[in-house]
Amino acid sequence: MTIFEKIAARQIPADIVYEDAETIAFRDVHPQAPVHVLIVPKRVVERVGDIQDGDAELMGQLLVASQRVARQEGVVATGFRLVINHGRNAGESVPHLHIHLLGGRPLDWPPG
């Protein structure tokens, strides 16, 4: 089980900020912005490069959950960024698809 599966199963504590039937969202333990939340599907898909045609609904649910978390965290009006990493060179550290929601400060472009 990945750390994200263990969080969803409540085997590891986390600061959960949102949950629905398909997704769970919790604060990153090493935040890169004042708001840094991970939105994770409860069903394991290892990475964005592994999604299949049948995963389109799940990807939509992740985006809807991201929007709900952004509203809840108060960053819709000021702006936020969604990031999905794929592979080691992109900074992926957990082989379980997840979206980073970052906000609460100006975010430079291009990212590091």
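Author: Let's start with a term: a pocket is an open set of points on a 1 Å grid over the protein atoms alone, with protein on both sides within 12 Å along at least five of seven lines, and its lining residues have an atom within 4 Å of a point. This is a predicted model, where local features need pLDDT of at least 70, side-chain atom pairs count only at pLDDT 80 or more, and totals for chains, interfaces and linings use all residues. Residues are numbered from 1 along each chain as its sequence is written, and side-chain values use heavy atoms, without hydrogens and water.

Reader: Okay, what is the volume of the largest pocket?

Author: Rolling a probe the size of a water molecule over the atoms shows where empty space is left. A volume is the space filled by probe spheres (1.4 Å probe) set on the points, which are joined across faces, edges and corners. Here, the largest pocket comes to about 710 Å³. Of its 33 lining residues, Asp 28, Gln 32, His 36, Asn 85 and His 100 are the closest to the centre.

Reader: Which element gives the most to that lining?

Author: Helices (H or I, at least four residues) and strands (E, at least two) are DSSP runs, numbered from the N terminus. In this model α1 gives the most, with three residues.

Reader: And in what order do the strands sit in the sheet?

Author: Two strands pair if DSSP finds at least two bridges between them. This open, antiparallel sheet runs β1-β2-β3-β5-β4. At its edges are β1 (16-19) and β4 (80-83), each pairing on one side only. β1 and β2 (residues 23-27) share three bridges, and Tyr 18 has Ala 25 in β2 as its bridge partner.
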